[in-house]
Amino acid sequence: MFRRRHPDLDDVTAGGDLVLLRRIAAEAVILQDEAEELLRAVRAREPLALLAPRGGRLASRFVGLAQALPASDDPAVQCYGERLREVLDHHALMMSASLDLLAVAWRSERLEEEIDRIAGLGRPAEWLEDIRAALLLEPDSEAHAGYFAR
(Lines give C-alpha, C1' and ligand atoms only; values in the text may rest on other atoms or scores of the structure.)
Protein backbone atom coordinates (compact mmCIF):
# COMPACT_ATOMS: atom_id res chain seq x y z
CA MET A 1 0.00 0.00 0.00
CA PHE A 2 1.34 3.45 -0.83
CA ARG A 3 1.04 6.57 1.25
CA ARG A 4 0.84 10.06 -0.09
CA ARG A 5 2.85 12.75 1.62
CA HIS A 6 1.41 16.18 2.00
CA PRO A 7 3.37 19.26 3.15
CA ASP A 8 0.75 20.01 5.83
CA LEU A 9 1.48 16.67 7.47
CA ASP A 10 5.00 17.81 8.30
CA ASP A 11 3.69 20.73 10.36
CA VAL A 12 3.99 19.76 14.03
CA THR A 13 2.00 22.70 15.39
CA ALA A 14 -1.54 22.33 16.71
CA GLY A 15 -2.75 23.56 13.31
CA GLY A 16 -0.79 20.78 11.62
CA ASP A 17 -2.17 18.32 14.15
CA LEU A 18 -5.71 19.41 13.30
CA VAL A 19 -4.94 18.92 9.61
CA LEU A 20 -3.71 15.41 10.40
CA LEU A 21 -6.81 14.70 12.51
CA ARG A 22 -9.01 15.85 9.61
CA ARG A 23 -7.21 13.52 7.22
CA ILE A 24 -7.45 10.58 9.60
CA ALA A 25 -11.15 11.22 10.20
CA ALA A 26 -11.82 11.54 6.46
CA GLU A 27 -10.11 8.24 5.69
CA ALA A 28 -11.88 6.57 8.60
CA VAL A 29 -15.28 7.67 7.27
CA ILE A 30 -14.47 6.13 3.89
CA LEU A 31 -13.27 2.91 5.54
CA GLN A 32 -16.34 2.93 7.75
CA ASP A 33 -18.53 2.57 4.66
CA GLU A 34 -16.50 -0.47 3.59
CA ALA A 35 -16.72 -1.89 7.10
CA GLU A 36 -20.51 -1.55 7.10
CA GLU A 37 -20.61 -3.48 3.81
CA LEU A 38 -18.42 -6.19 5.28
CA LEU A 39 -20.64 -6.52 8.36
CA ARG A 40 -23.69 -6.93 6.11
CA ALA A 41 -21.81 -9.68 4.27
CA VAL A 42 -20.96 -11.39 7.57
CA ARG A 43 -24.61 -11.26 8.59
CA ALA A 44 -25.52 -12.75 5.21
CA ARG A 45 -22.95 -15.48 5.95
CA GLU A 46 -20.92 -14.97 2.83
CA PRO A 47 -17.85 -17.22 2.67
CA LEU A 48 -15.21 -16.44 5.29
CA ALA A 49 -12.50 -17.04 2.69
CA LEU A 50 -13.79 -14.04 0.76
CA LEU A 51 -14.47 -11.80 3.76
CA ALA A 52 -11.38 -12.43 5.89
CA PRO A 53 -8.88 -10.65 3.61
CA ARG A 54 -11.14 -7.58 3.36
CA GLY A 55 -11.86 -7.56 7.08
CA GLY A 56 -8.23 -8.03 7.99
CA ARG A 57 -7.21 -5.14 5.75
CA LEU A 58 -9.89 -2.90 7.24
CA ALA A 59 -9.05 -3.82 10.85
CA SER A 60 -5.35 -3.24 10.18
CA ARG A 61 -6.03 0.14 8.63
CA PHE A 62 -8.23 1.25 11.54
CA VAL A 63 -5.39 0.26 13.90
CA GLY A 64 -2.88 2.09 11.69
CA LEU A 65 -4.98 5.25 11.74
CA ALA A 66 -5.24 5.07 15.53
CA GLN A 67 -1.46 4.76 15.76
CA ALA A 68 -1.05 7.79 13.47
CA LEU A 69 -3.05 10.06 15.78
CA PRO A 70 -0.87 12.96 16.89
CA ALA A 71 0.28 13.47 20.44
CA SER A 72 -0.17 17.12 21.35
CA ASP A 73 -0.37 19.52 24.26
CA ASP A 74 -3.31 21.24 22.59
CA PRO A 75 -6.52 20.33 24.48
CA ALA A 76 -8.63 20.27 21.31
CA VAL A 77 -6.22 17.91 19.56
CA GLN A 78 -6.11 15.71 22.66
CA CYS A 79 -9.89 15.52 22.94
CA TYR A 80 -10.47 14.80 19.27
CA GLY A 81 -7.61 12.31 19.27
CA GLU A 82 -9.00 10.42 22.26
CA ARG A 83 -12.46 10.21 20.73
CA LEU A 84 -11.08 9.16 17.35
CA ARG A 85 -8.97 6.47 19.04
CA GLU A 86 -12.08 5.08 20.76
CA VAL A 87 -13.95 4.90 17.46
CA LEU A 88 -11.03 3.44 15.49
CA ASP A 89 -10.39 0.81 18.15
CA HIS A 90 -14.09 -0.08 18.18
CA HIS A 91 -14.20 -0.43 14.41
CA ALA A 92 -11.09 -2.65 14.34
CA LEU A 93 -12.53 -4.83 17.08
CA MET A 94 -15.87 -5.13 15.27
CA MET A 95 -14.12 -6.31 12.11
CA SER A 96 -12.07 -8.87 13.98
CA ALA A 97 -14.81 -10.14 16.30
CA SER A 98 -17.39 -10.42 13.52
CA LEU A 99 -15.07 -12.50 11.36
CA ASP A 100 -14.11 -14.66 14.34
CA LEU A 101 -17.79 -15.20 15.06
CA LEU A 102 -18.48 -16.16 11.47
CA ALA A 103 -15.64 -18.69 11.62
CA VAL A 104 -17.18 -20.57 14.56
CA ALA A 105 -20.91 -19.87 14.23
CA TRP A 106 -21.59 -23.32 12.82
CA ARG A 107 -20.83 -24.76 16.26
CA SER A 108 -23.93 -23.45 17.99
CA GLU A 109 -27.34 -21.99 17.43
CA ARG A 110 -26.51 -19.27 19.96
CA LEU A 111 -23.54 -18.14 17.87
CA GLU A 112 -25.76 -18.09 14.77
CA GLU A 113 -28.13 -15.79 16.68
CA GLU A 114 -25.24 -13.48 17.52
CA ILE A 115 -24.40 -13.13 13.83
CA ASP A 116 -28.03 -12.20 13.19
CA ARG A 117 -27.63 -9.40 15.75
CA ILE A 118 -24.78 -7.73 13.86
CA ALA A 119 -26.36 -4.50 12.72
CA GLY A 120 -23.34 -2.46 11.67
CA LEU A 121 -20.94 -0.25 13.55
CA GLY A 122 -23.60 1.38 15.69
CA ARG A 123 -23.21 4.62 17.65
CA PRO A 124 -19.44 4.86 17.15
CA ALA A 125 -20.10 5.27 13.42
CA GLU A 126 -22.29 8.28 14.21
CA TRP A 127 -19.60 9.65 16.53
CA LEU A 128 -17.07 9.45 13.72
CA GLU A 129 -19.35 11.44 11.43
CA ASP A 130 -19.80 14.05 14.17
CA ILE A 131 -16.06 14.27 14.84
CA ARG A 132 -15.30 14.71 11.16
CA ALA A 133 -17.92 17.44 10.83
CA ALA A 134 -16.56 19.25 13.90
CA LEU A 135 -12.99 19.03 12.61
CA LEU A 136 -14.01 20.65 9.34
CA LEU A 137 -15.06 23.79 11.23
CA GLU A 138 -12.64 26.57 11.94
CA PRO A 139 -10.51 25.62 14.97
CA ASP A 140 -11.42 28.80 16.86
CA SER A 141 -15.14 28.52 16.27
CA GLU A 142 -17.76 28.16 18.99
CA ALA A 143 -18.74 24.79 17.49
CA HIS A 144 -15.55 23.22 18.82
CA ALA A 145 -16.44 24.37 22.30
CA GLY A 146 -19.93 22.92 21.76
CA TYR A 147 -18.47 19.58 20.68
CA PHE A 148 -16.45 19.31 23.87
CA ALA A 149 -19.45 20.21 26.02
CA ARG A 150 -21.29 16.99 25.06
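**View 1. E37 sits in helix α1.** The model is predicted: local features need pLDDT of at least 70, side-chain atom pairs count only at pLDDT 80 or more, and totals for chains, interfaces and linings use all residues. Residues are numbered from 1 along each chain as its sequence is written, and side-chain values use heavy atoms, with hydrogens and water left out. Helices are DSSP runs of H or I with at least four residues, strands are runs of E with at least two, and both are numbered from the N terminus. E37 has a relative accessible area of 46%, so this residue is partly exposed. The cut-offs, with a 1.4 Å probe and protein chains only, are under 20% for buried and over 50% for exposed, with partly exposed in between. The C-alpha atoms of E37 and G120 lie 8.4 Å apart, although 83 residues separate the two along the chain.

**View 2. R45 occupies the loop between α1 (14–43) and α2 (48–67).** Its phi is near 60°, a positive value in a residue that is not glycine. Most residues other than glycine have a negative phi. R45 counts as partly exposed because its relative accessibility is 30%.

**View 3. Helix α2 runs for 20 residues.** Its first and last C-alpha atoms are 27 Å apart, close to the 28 Å expected at 1.5 Å a residue. The expected span is 1.5 Å times one less than the number of residues. Buried positions in α2 are L51, G55, L58, A59, R61, F62, G64, L65 and A66.

**View 4. H91 belongs to helix α3.** Its relative accessible area is 0%, so H91 is buried. A 3.1 Å polar contact links the side chains of H91 and H90. Such a contact is a pair of N or O atoms within 3.5 Å; within protein, one must be able to donate a hydrogen and the other to accept it, and residues adjacent in sequence count only if both atoms are side-chain atoms. Setting aside residues up to four places away in sequence, H91 touches Q32, F62, L121, P124, A125 and L128. Contact here means heavy atoms within 4.5 Å.

**View 5. V87 lies in helix α3, residues 75–104.** V87 counts as buried because its relative accessibility is 0%. Beyond its neighbours within four places in sequence, V87 contacts P124, W127, L128 and I131.

**View 6. Helix α5 covers residues 123–136.** Its 14 residues should span 20 Å at 1.5 Å a residue, and the end C-alpha atoms are 20 Å apart, which agrees. P124, A125, L128, I131, A134 and L135 are buried in α5.

**View 7. R83 lies over the face of W127.** The distance to the ring centre is 4.5 Å. A charge sits over a ring if NZ of Lys or CZ of Arg is within 6 Å of the ring centre and within 35 degrees of the ring normal.

**View 8. The protein chain has six helices and zero strands.** Along the sequence the pattern reads α-α-α-α-α-α. Of its 150 residues, 37% are buried. Among contacts with a separation of 6 or more, 73% join residues 24 or more positions apart. The accessible surface comes to about 8,900 Å², and carbon and sulfur atoms hold 54% of this area. Accessible areas follow the Shrake-Rupley method with a 1.4 Å probe; for residues, only the protein chains shown count as cover.
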